[in-house]
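Visitor: Hi! Could you walk me through the pockets in this one?
Guide: Happy to, let's bring it up.

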Amino acid sequence: GIFVLGLPYALLHSGYSGLLLIVLAAALCCYTGKILVACLYEENEDGQLIRVRDTYEDIANACCKKLSPNLGGIVVNVTQVVELIMTCILYLIVSGNLLSHSFPYVPVTEKTWSVIAFVTLLPCIFIRTLKIVSKLSQLCSLVHFVIIFVVITYCLIQMHQWSWAKFRLSLEFEDFLVSVGVIIFSYTSQIFLPTLEGNMKNPGEFRCMLNWTHFFACILKTTFALTAFLTWGEKTKEVITDNLPSFLETLVNLCLLTKALLSYPLPFFAATEIVYSCISKDNHSNYRSPLLAMAVRGSFLLLTLLMAMFTPHFALLMGLSGSVTGAAMTFLLPSLFHLKLKWKKLSFLEKYADISVFILGFFCSLAGIVCSIKGLLEVFG
């Protein structure tokens, strides 16, 4: 998605280790995606795998049913909503940044541009089905590949300026951990995988699909981050399109703005649907109330705007999101749930892999949270 734009900046602070992190994150995310979906299945009396759960929430409730029937689902839902809302906030921040750099001679602040972008998103209040969102997402994918192609092509033209000496050998530990969060956030997709696997025509091909998509994502992200960083080196900015020459920057930024605004409805719709499903369990009639629906959507829209206004720092917020919700949903919970539900059937190596992923995810998350918050506090003085 659009958060690939932060990867060159992550390389600036992580050096050679950043390249390894992009590959390692792809491998780990692919693995945790597989074990998460494996938790949807149980063996019947004949030894055949039967899908007995449908969502991430169902898996969490199955793991925590001895403590509380709904505790796991509540934790997962809260984490999912926070991650989705953070994604929406980042889209608004990026939109304000892109408009600011596209029209530098207009006497308008970046925050004001974010408000202008927010106004164009007000129709999201009226989105009721996923059909509209899916069409917008298709357009986003096309625009995304065009943007990546343009940036990489420009960087290749500047190949004569490349120097591997631009990579840092000595790293600032805190900056490195923020980069870890940025890289993790660019891969997070676990919250959509149970639904995706359940809607596949042939669910048996899920693991193969996951392998190939993560492989190509890794190749694309590594190529993009590497070529961009080699082109600009120490001058690499938080949003890489800010480094482009003016004749390309405005064009690409407007394309990115379109992509950001078209991408916003997907996480927004997913977050409100989670809230709706929780409300419907307690009060079905209110759940169907059009006024309540618009009130919830309006509240979510306003929340994302306020957060975007008070936290206008793309890379730091992205790093914080990746360290908190991204690490939890991508590494901690899948490995923990897999160990809980499949412990008796796992081999020693599988148990070792799950425990290793959990420990790695925990320490990366903890350290990333501390460093990202410290960075934000320093920015705010």
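Visitor: How do the residues lining the second largest pocket divide into nonpolar, polar and charged?
Guide: This is a predicted model, and in it the lining of the second largest pocket has nine nonpolar, two polar and seven charged residues.

Visitor: Which residues lie nearest the centre of that second largest pocket?
Guide: Those are Lys-34, Ala-38, Leu-49, Arg-207 and His-338, out of 18 lining residues.

Visitor: And which element gives the most to its lining?
Guide: That's α2, with five residues. At least two residues each come from α2 (16-38), β1 (41-43), α9 and α14 (314-342).

Visitor: How much space lies in there?
Guide: About 500 Å³ for the second largest pocket.

Visitor: OK, switching over. How much space lies in the largest pocket?
Guide: About 2100 Å³. Its lining is made up of 50 residues.

Visitor: Which of those lie nearest the centre?
Guide: Thr-188, Ser-189, Ile-191, Phe-192 and Leu-266.

Visitor: Nice. What about the classes in the largest pocket's lining?
Guide: There the lining has 27 nonpolar, 18 polar and five charged residues.

Technical notes
Residues are numbered from 1 along each chain as its sequence is written. This is a predicted model: local features need pLDDT of at least 70, side-chain atom pairs count only at pLDDT 80 or more; totals for chains, interfaces and linings use all residues. Side-chain values use heavy atoms; hydrogens and water are left out. On a 1 Å grid over the protein atoms alone, a cavity is a set of points where a 1.4 Å probe fits but cannot get out, and a pocket is an open set with protein on both sides within 12 Å along at least five of seven lines; lining residues have an atom within 4 Å of a point. Grid points are joined across faces, edges and corners, and a volume is the space filled by probe spheres set on the points. Ala, Val, Leu, Ile, Met, Phe, Trp, Tyr, Cys and Pro count as nonpolar, Asp, Glu, Lys and Arg as charged, and the others, Gly among them, as polar. Helices (H or I, at least four residues) and strands (E, at least two) are DSSP runs, numbered from the N terminus.
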